[in-house]
Amino acid sequence: MTKWTTTSGPAGGHPVPEPGLTSYQRVLRDRLLAAPEVPAPEPWRDVTSVPVGGLLGIGFTVHPATGHDLVMVVSHDGHGLFDAVTGEKIARDRDPGPEDSTPESDPELSCPGLGPVAGSRVRIAGLFGGGLHAVTGDGWLLEVVVPAWPHERVLLSRDGGLPHAGPHGERWWHLFHARHCELRAAGFSPSGRTIAVATSGDLSLWARRP
C-alpha cells in the first residue's frame, strides 16, 4: 500500500511516496484487522458504557471512604464523577468556572475534583494531552493500534504486547473498537483495578477485584 505525502522530491514539485509496508508489517496489520471485538477475559468484568456527548478527557482518583477507583469526566457539558466499581454517576457539575472547565490552563492538566473528592485536583488525559497508565503491576498491558486509520482499536494483553505471539482470545483481546467517535484516552487506573476507554461520545469501564 502506498501513501502519498506532500513532501517534495529532490527536484521539487513532485510528492514522494512513503515506503510500502514490509511483508511482516502486512501480516501484523491483517492479523489485527481480522481480530473481532471480544469481551474482556477473567478477572475483568464489564462495568458500564455510557454516552457522554462532547467528552474531552478523563482522569482517575480514589473515593476517600470506599477506596473505589473513581473516573472524572470532562466534557463540553461540564464535569462528572463515576464510581468505577458500580458504574454509578455520583457527582455532577454542569457549570464549572471558566478557569477550571478544561485542563489546558493548568501545568499538570488537572481540574478541580467534585463530590467526595472536592478540594483536590484530578489530572485529565484526553484532547489536551496527558495519558493514563498502560501497564499494571501484575503484567496486564493496554495498547491502542490503528491498522485501518482513523478507527482506533484498544487491545488488552498478557503476552508482552505487539506483535502478540499468543492466540487472540487467549493471550490478547481486541477489547474496544472506536468506529464512530474519536478516541480520547485509554488506560488503567493507578491501582490497576480499572480499565477506562473514553471517546468523544462515550465512556466505557471494566473492573476487577484486587
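This report describes the fold, sheets, salt bridges and surface of a predicted protein model.

## Basis and overall make-up

Because the model is predicted, local features are reported where pLDDT is at least 70 and side-chain atom pairs where pLDDT is 80 or more, while totals for chains, interfaces and linings use all residues. Residues are numbered from 1 along each chain as its sequence is written, and side-chain values use heavy atoms, with hydrogens and water left out.

The protein chain contains one helix and 16 strands, where helices (H or I, at least four residues) and strands (E, at least two) are DSSP runs numbered from the N terminus. Taken along the principal axes, the C-alpha atoms fill a box of roughly 60 × 45 × 25 Å. Of the 210 residues, 45% count as buried; buried stands for under 20% relative accessible area, exposed for over 50%, and partly exposed for values in between, with a 1.4 Å probe and protein chains only.

## The five-stranded sheet

Five strands form an open antiparallel sheet in the order β7-β6-β5-β4-β10, two strands being taken as paired if DSSP finds at least two bridges between them. At its edges stand β7 (89–93) and β10 (125–126), each of which pairs on one side only. Strand β4 (residues 55–62) is joined to β10 by two bridges in the antiparallel sense, and Gly57 stands opposite Gly126 of β10.

Strand β5 (residues 69–75) runs antiparallel to β6 and is joined to it by six bridges; these two strands form a hairpin with two residues between them, and Met72 has Leu81 in β6 as its bridge partner. On to β7, there are four antiparallel bridges from β6, with Lys89 in β7 as the bridge partner of Phe82. The hairpin of β6 and β7 has five residues between the strands, and in this hairpin Gly87 takes a positive phi near 80°.

## The covered strand β6

Strand β6 (residues 78–83) is mostly covered, since six of its six residues are buried. The cover extends to both faces of β6, with Gly78, Gly80 and Phe82 buried on one side and His79, Leu81 and Asp83 buried on the other.

## The four-stranded sheet

A sheet of four strands is also open and antiparallel, and its order is β3-β16-β15-β14. Strands β3 (45–51) and β14 (183–188) stand at the edges with a single partner strand each, so one side of each is left without a neighbour in the sheet. From one strand to the next the twist averages 10°, with axes being lines fitted to C-alpha atoms and angles running from 0 to 180 degrees between N-to-C directions.

Five bridges pair β14 with strand β15 (residues 194–199) in the antiparallel sense, and Ala186 stands opposite Val197 of β15. Thr194 also lies in β15 and counts as buried at 1% relative accessibility. The side chain of Thr194 makes a polar contact of 2.8 Å with that of Asp69; such a contact is a pair of N or O atoms within 3.5 Å, where within protein one must be able to donate a hydrogen and the other to accept it, and residues adjacent in sequence count only if both atoms are side-chain atoms.

## Salt bridges

The structure holds seven salt bridges, each defined by a side-chain nitrogen of Lys or Arg within 4 Å of a carboxyl oxygen of Asp or Glu. One of them joins Arg208 to Asp138, with the closest N and O atoms 2.8 Å apart. Arg208 lies in the segment after β16 (202–207) and Asp138 in the loop between β10 and β11, so this pair ties together parts that are 70 residues apart in sequence. Arg208 is buried at a relative accessible area of 15%, whereas Asp138 is partly exposed at 37%.

Glu182 forms a salt bridge with Arg184, where the closest N and O atoms are 3.0 Å apart, and Arg184 is buried with a relative accessible area of 17%. Between Asp30 and Arg29 the closest N and O atoms of the salt bridge are 3.4 Å apart, and Asp30 counts as partly exposed at 42% relative accessibility. Asp100, Asp106 and Arg121 are linked in a network of salt bridges.

## A nonpolar surface patch

Val144, Val146 and Trp149 form a nonpolar patch on the surface, with about 350 Å² of accessible area together. Patches are made of residues with over 30% relative accessible area and no salt bridge, like charges being joined within 9 Å and nonpolar side chains (Val, Leu, Ile, Met, Phe, Trp, Tyr) within 5 Å; accessible areas come from the Shrake-Rupley method with a 1.4 Å probe, and for residues only the protein chains shown count as cover. Val144 lies in strand β11 (residues 141–148) and is partly exposed, with a relative accessible area of 41%.
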